[in-house]
Amino acid sequence: MAKWRINNVRIAGVSACVPKNVVATGDIDIMTAAEAETFDRTVGILRRHIAPDSVCASDMCEKAAVTLLDSLGWSRESVDVLIFESVTGDYKTPPTSCLLQDRLGLPDTTFCLDMPMGCCGCLYAITVGGNMLTTGNVRRALLLIGDTALRMGSLKDKSRVPLFGDCGTAVALEYDETAPEITVDFHTYGKGYEALMTPHGGFRHPITPESFVEEDFGNGIVRAPAHTLINGMNVFSFAISRPPRSAEEFMAAEGIDRDRDIDYFLIHQANKMIVDRVVKKLKLPVEKVPYNLEEYGNLGGASIPSLMVTRLRDELSSSPQRLLMSSFGLGLSWATMSATVGPAVIPPLQYI
């Protein structure tokens, strides 16, 4: 097991922003009332915040970043690294992180990087940003993590439409020689990439008129090759097997007692069925596993930081909390991270 160990870096603050527009499952026009009721009961996503077409992930991340920088009292000149983790950037080129450097008024010495890692994005961003800070050569990093995933797919696809919400988050990292170690373990199963993908739109399959020709796959799934797809059974099988097994191995290797050593377990909020199965497989104390999917849906990479803001704000603001985080998604990729967070600056949830 190859693990990253990040020293001298603390998570100084976390913020999040969601659209004001809330869509209940029963309001989704492609679903019948009976389907909506069944979805709410089994998948557990009752509502989701959906951005208008004029609002991008970068806009929500920008608002979260401004709120966090102001709350921390960080000058814009002090930010050395800016990472934008998203699969819904403003453009194919240039990198959205470069645009955000200008919009946030950061110095032209800021190192900018885009990362399209999906649901594991937060843990990837912390690892990359943290490793850049660990020697003290640079001292502050701003990680902007968010997506508007709904608009990537077909609005006629019942396997996707009800799952996703929109959100932008900001995580502030700072060099601190007294910070507890952050440990993270990554895995990739590239052979399974077709379970979560957008077939057309890259250079392997460029956009053509045929990219927008819809096909009816049955069971309420109508989409074109330009739309993102989910192979639900493959994703479910992957999510309840490989990530929990890796988390179990991680805790054993690190000598972590799940009852004594961890304050909260933050599981990627894919859907209630998956999270419940992960919790059961890992025999986690349910009182230590916060959920927010019922109100926000699957937020991709923003899922973990959104849990900190919406469910653990008081705890993380007041005292150190040791967190075990588990994410899984595109790639297929999955990761487990142990980090102590707090006291940290956690502004209230923002709206756009």
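Guide: Let us start with Tyr264, which stands opposite Leu323 in β15. Keep in mind as you look that this is a predicted model. The two strands involved, β14 and β15 (residues 321-329), pair in the parallel sense, and 4 bridges join them. Helix α9 (residues 303-311) packs on the sheet here, where it touches both β14 and β15. The direction of α9 makes about 135° with that of β14.

Now step back to the whole sheet. It is open, has 5 strands with mixed pairing, and its order reads β1-β9-β16-β15-β14. Its edge strands are β1 (3-6) and β14 (264-267), each of which pairs on one side only. Averaged over the sheet and with direction ignored, neighbouring strands are turned by 15° against each other.

The structure holds 2 aromatic pairs. In one of them, Tyr124 and Phe186 are tilted, with 40° between the planes and 4.4 Å from centre to centre. Phe186 belongs to strand β9 (residues 182-188) and Tyr124 to helix α4 (residues 121-133), so this pair ties together parts that lie 62 residues apart in sequence. Tyr124 and Phe186 are both buried. The other pair, Phe238 with Trp334, is edge-to-face: the planes make 70° and the centres are 5.5 Å apart. Here Trp334 sits in strand β16 (residues 333-341) and Phe238 in helix α5 (residues 232-239), which links parts of the chain 96 residues apart. Phe238 counts as buried because its relative accessibility is 6%, under the 20% cut-off. Trp334 is buried too, with a relative accessible area of 5%.

From the sheet, let us move on to strand β2 (residues 9-18), which is mostly covered, with 9 of its 10 residues buried. β2 pairs with strand β8 (residues 167-175) in the antiparallel sense, over 8 bridges. Within that pairing, Ile11 has Leu173 of β8 as its bridge partner. β2 also runs parallel to strand β17 (residues 350-351), to which 2 bridges join it. There, Val18 stands opposite Tyr351.

β2 also takes part in a side-chain contact. Arg10 forms a salt bridge with Asp176, and their closest N and O atoms are 3.7 Å apart. Since Arg10 lies in β2 and Asp176 in the loop between β8 and β9, the pair ties together parts 166 residues apart in sequence. At 28% relative accessibility, Arg10 counts as partly exposed.

That contact is one of 19 salt bridges found in the whole structure. Among them, Arg103 and Asp59 meet at 2.9 Å, N to O. This pair joins helix α3 (residues 96-103), which holds Arg103, to helix α2 (residues 57-72), which holds Asp59. Arg103 is partly exposed, with a relative accessible area of 30%, and Asp59 is partly exposed as well, at 22%.

Asp276 and Lys272 form a salt bridge with closest N and O atoms 2.6 Å apart. They are 4 residues apart in helix α7 (residues 272-281), so about one helical turn separates them. Asp276, with a relative accessible area of 28%, is partly exposed, and so is Lys272, at 34%. Elsewhere, salt bridges that share partners join Lys3, Arg5, Glu181 and Glu254 into one network.

Key. Residues are numbered from 1 along each chain as its sequence is written. This is a predicted model: local features need pLDDT of at least 70, side-chain atom pairs count only at pLDDT 80 or more; totals for chains, interfaces and linings use all residues. Side-chain values use heavy atoms; hydrogens and water are left out. Two strands pair if DSSP finds at least two bridges between them. Axes are lines fitted to C-alpha atoms, for helices over the stretch in contact, and angles run from 0 to 180 degrees between N-to-C directions. Contact means heavy atoms within 4.5 Å. Buried means under 20% relative accessible area, exposed over 50%, partly exposed in between (1.4 Å probe, protein chains only). Rings of Phe, Tyr and Trp (its six-membered ring) pair if their centres lie within 6.5 Å; planes under 30 degrees apart count as stacked, over 60 as edge-to-face and the rest as tilted. A salt bridge is a side-chain nitrogen of Lys or Arg within 4 Å of a carboxyl oxygen of Asp or Glu.
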